[in-house]
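I am opening a notebook on one protein chain. I will write down what I looked up, entry by entry.

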Amino acid sequence: MLLERGVKSIILTRGAKGIIVATKKGKQKLAALPAKIINVFDSLSISNFLQVTGAGDSLTSGIALKLSQKINNTNRIPEIELSDMEFGLKCAKAALETESAVNPNIYQLVTKNDGIATAKL
């Protein structure tokens, strides 16, 4: 329904299950990247609490960064591509692998050449 009204892309985040992206061309599921999630409460004996602060924001920010780098003279938001989504997932992974809301090594983590799209932050 939203796509019929002009929305170009819909991204549904599913936590550890990854994301679903819908465009006029169809739907695509992408798995979350494996992450070593930090348990910030080990010292308090709370074993089931995991640090997930910032993962969704990092996902969204990564995708927005990649899209913003492709805006041309028309100032129109470009079509979302697989590499944009993969970059967002990589940013989310970086957020999960730290005790901080923002990984202090985010630049190094997301620009490593490991087959996933890179961008300068």
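Entry 1, a residue to start from. In which strand is the place of Thr-23? I looked it up and found Thr-23 in strand β2. I note here that I am working with a predicted model. Next I asked about Thr-23: buried or exposed? Its relative accessibility is 14%, and buried means under 20%, so Thr-23 counts as buried. I then listed what Thr-23 touches, leaving out residues up to four places away in sequence: Leu-3, Lys-8, Ser-9 and Ile-80.

I picked Leu-3 from the contacts of Thr-23. Leu-3 belongs to the segment before β1. Its relative accessible area is 19%, and since the cut-off for buried is under 20%, Leu-3 is buried. With residues up to four places away in sequence again left out, Leu-3 touches Lys-8, Ser-9, Ile-10, Ala-22, Thr-23 and Lys-24. I also checked a distance from Leu-3 to Lys-24: the two are 21 residues apart in sequence, and their C-alpha atoms are 6.4 Å apart in space.

Entry 3, the whole chain. I stepped back and counted three helices and three strands in the protein chain. From the N terminus on, I read the order of elements as β-β-β-α-α-α. The chain has 121 residues, of which 31% count as buried. I also looked at contacts between residues at least 6 apart in sequence, and 47% of these join residues at least 24 apart.

In what order do the three strands of the open sheet lie? I found β1-β2-β3, with antiparallel pairing. β1 (9–13) and β3 (26–30) are the edge strands; each has a single partner strand, so one side of each is left without a neighbour in the sheet. On average, neighbouring strands of this sheet are turned by 15° against each other, with direction ignored.

I went through the pairs next. β1 and β2 are antiparallel and pair over five bridges. Across this pair, Ile-10 stands opposite Ala-22 in β2. The two strands form a hairpin with five residues between them, and in the turn Gly-15 has a positive phi of about 60°. β2 (residues 19–23) is also joined to β3 by five bridges, and these strands too run antiparallel. Here I noted Val-21, whose bridge partner in β3 is Gln-28. The hairpin from β2 to β3 goes through two residues.

Which helix lies across β2 and β3? I found helix α2 (residues 82–96) there, and it runs at about 30° to β3.

In soluble globular proteins, nonpolar side chains tend to be buried together. I therefore looked up which residues make up the largest nonpolar core here, and found ten in all: Ile-19, Val-21, Leu-30, Leu-59, Ile-63, Leu-67, Ile-80, Met-85, Leu-89 and Ala-92. β2, α1 (55–68) and α2 each supply at least two residues of this core. I took Leu-30 as an example and listed its contacts, not counting residues up to four places away in sequence. Leu-30 touches Lys-17, Gly-18, Ile-19, Leu-82, Met-85, Glu-86 and Leu-89.

Entry 7, the largest pocket. I read its volume as about 340 Å³. The pocket is lined by 18 residues, and the closest to its centre are Gly-15, Ala-16, Ala-32, Ala-55 and Leu-96. The elements that give two or more residues to this lining are α1 and α2. Which of the elements gives the most to the lining? I found α2, with four residues.

Ser-68 lies in helix α1. I checked its distance to Pro-78, ten residues apart from Ser-68 along the chain: the C-alpha atoms of the two are separated by 8.3 Å.

Notes. Residues numbered from 1 in each chain as written. Predicted model: local features only at pLDDT ≥ 70, side-chain atom pairs only at ≥ 80, totals over all residues. Heavy atoms only, no water. Pairing = 2+ DSSP bridges. Axes fitted to C-alpha atoms, helices over the stretch in contact; angles between N-to-C directions. Contact = heavy atoms within 4.5 Å. Core = buried A, V, L, I, M, F, W, Y, C linked by side-chain atoms within 4.5 Å. Buried < 20%, exposed > 50% of the residue type's maximum accessible area, 1.4 Å probe, protein only. 1 Å grid on protein atoms, 1.4 Å probe; cavity = no way out; pocket = protein on both sides within 12 Å on 5 of 7 lines; lining within 4 Å. Points joined across faces, edges and corners; volume = space filled by probe spheres on them.
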